[in-house]
Amino acid sequence: MSTTAHPRQPHRRPLAQDPGLTCTEPATTIQRLQLWAELAKQRAMLLTDVHLSLLTDEEPEMHPDPVDQASTEFGQDLAIQVKVRTFDKLRHIEQALRLMQTNNYGRCRRCHKEIPFERLTVKPDALFCVPCLTLIEHGAARN
Ligand SMILES: [Zn+2]
């Protein structure tokens, strides 16, 4: 194969182009504000969820038949799991909002490097960078 490539450097994308896609830099102040707005929005939505789930809470039913009783308990377990997840998410978001008031937001808890903005856009309450999270998840899977 003959290389007909021109002697110039392999063409580089101008930096100004699509900063959102190529950005692996720490988040700027404006980007942080965007993340803050996103977190606040998610928090408001979760609070609404929590509020609604409290409103629709039913008294636990008691069945004389143990099979019926078991299925009721199973349904309640599922409802509790959903609530636990909602509260967990809410807790993470509250934590991220608190971190934003300090300078620790967007910094990986494990390696203390800045988490790339593109990851924070996907998961504004991320506490770890992707490499660290992968390590942690692998470690957890082994246990
Ligand atoms: Zn890390």
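Student: Before we start on this one, what does buried mean here?

Tutor: Buried means that a residue has under 20% relative accessible area, and in this predicted model both Cys 108 and Cys 132 are buried.

Student: And how much of the protein is buried?

Tutor: Of the 143 residues in the protein, 22% are buried.

Student: Back to those cysteines, which residues are the protein donors of the zinc ion?

Tutor: The zinc ion takes its protein donors from the SG atoms of Cys 108, Cys 111, Cys 129 and Cys 132, which lie 2.3 Å from the ion, and along the chain these donors follow the spacing C-x2-C-x17-C-x2-C.

Student: Why does the pair Cys 108 and Cys 132 tie together parts that are apart in sequence?

Tutor: Cys 108 sits in the loop between helix H3 (66-101) and helix H4 (117-122), whereas Cys 132 belongs to helix H5 (residues 130-142), so the pair links parts of the chain that are 24 residues apart in sequence.

Student: Is the site of the zinc ion tetrahedral or irregular?

Tutor: The site is tetrahedral, with angles of 103 to 116° among the four donor atoms.

Student: Switching to the overall fold, how many helices and strands are there?

Tutor: The protein has five helices and zero strands, so to speak an α-α-α-α-α pattern when read along the sequence.

Terms used:
Residues numbered from 1 in each chain as written. Predicted model: local features only at pLDDT ≥ 70, side-chain atom pairs only at ≥ 80, totals over all residues. Heavy atoms only, no water. Helix = DSSP H or I, 4+ residues; strand = E, 2+ residues; numbered from the N terminus. Buried < 20%, exposed > 50% of the residue type's maximum accessible area, 1.4 Å probe, protein only. Donors = N, O, S within 2.8 Å, 3.2 Å for Na, K, Ca; no water. Tetrahedral: all angles 85-135°; square planar, octahedral: opposite > 155°, others 65-115°.
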